[in-house]
Amino acid sequence: PTPNRTAKEIFDETMVPVLFDYDKSNIRPDQESRLLSEAAYLKANPTVRFTIEGHADERGGQEYNIALGDARAASVRKYLAAQGVAESRMNVISYGEEKPVCHEANEECWQKNRRGAFAMQ
């Protein structure tokens, strides 16, 4: 680790978004190792409070995507809680399709937007 990094820099580097399949909110098997390492970091840093942000790609109506983003964030929260991270440290918010990280209309781009992201409080 680089010396003199801020707690936020370490958080942002460690807490990589979790990706989801189209129209799904379940944790994919290929995302579990990422979540396990994130849970280990969170347990080692018990004062860190954070928000899990649920995101969807642009397909589907706005209300549907807000609900889907909420379900995705809730899945991440449930998974982390099952690993021993206190639920009181986690807030959940859904942005639906409002905050894409990619703006192209193709599967590779949509995949990046279907995520559960993390923001340190």
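Mentor: With a definition: two strands count as paired if DSSP finds at least two bridges between them. The model here is predicted. It has an open sheet of four strands in the order 1-4-2-3, with mixed pairing.

Trainee: Which are the edge strands?

Mentor: An edge strand pairs on one side only; here these are strand 1 (18-19) and strand 3 (90-96). Strand 1 runs antiparallel to strand 4 (residues 115-120) and is joined to it by two bridges. In that pairing, Leu19 stands opposite Arg115.

Trainee: What does helix 3 touch in the sheet?

Mentor: Helix 3 (residues 62-82) packs against strand 1, strand 2 (50-55), strand 3 and strand 4. Its direction makes about 155 degrees with that of strand 3.

Trainee: Why do the buried residues of helix 3 line one face?

Mentor: An α-helix has 3.6 residues a turn, so residues three or four places apart point the same way. In helix 3, the buried residues include Leu68, Arg72, Ser75, Val76 and Tyr79. Viewed down the axis, the buried residues of helix 3 fall within an arc of 150 degrees, so they line one face. Their cover includes helix 2 (32-44) as well as strand 1, strand 2, strand 3 and strand 4. The face turned away from the buried side carries Glu63, Lys78 and Ala82, which are exposed.

Trainee: Where is Gly60, and what does it touch?

Mentor: Gly60 lies in the loop between strand 2 and helix 3. Leaving out residues up to four places away in sequence, Gly60 touches Asn65 and Glu97. Gly60 is partly exposed, at 46% relative accessible area.

Terms used
Residues are numbered from 1 along each chain as its sequence is written. This is a predicted model: local features need pLDDT of at least 70, side-chain atom pairs count only at pLDDT 80 or more; totals for chains, interfaces and linings use all residues. Side-chain values use heavy atoms; hydrogens and water are left out. Contact means heavy atoms within 4.5 Å. Axes are lines fitted to C-alpha atoms, for helices over the stretch in contact, and angles run from 0 to 180 degrees between N-to-C directions. Buried means under 20% relative accessible area, exposed over 50%, partly exposed in between (1.4 Å probe, protein chains only). The arc is that of the directions from the helix axis to the C-beta atoms.
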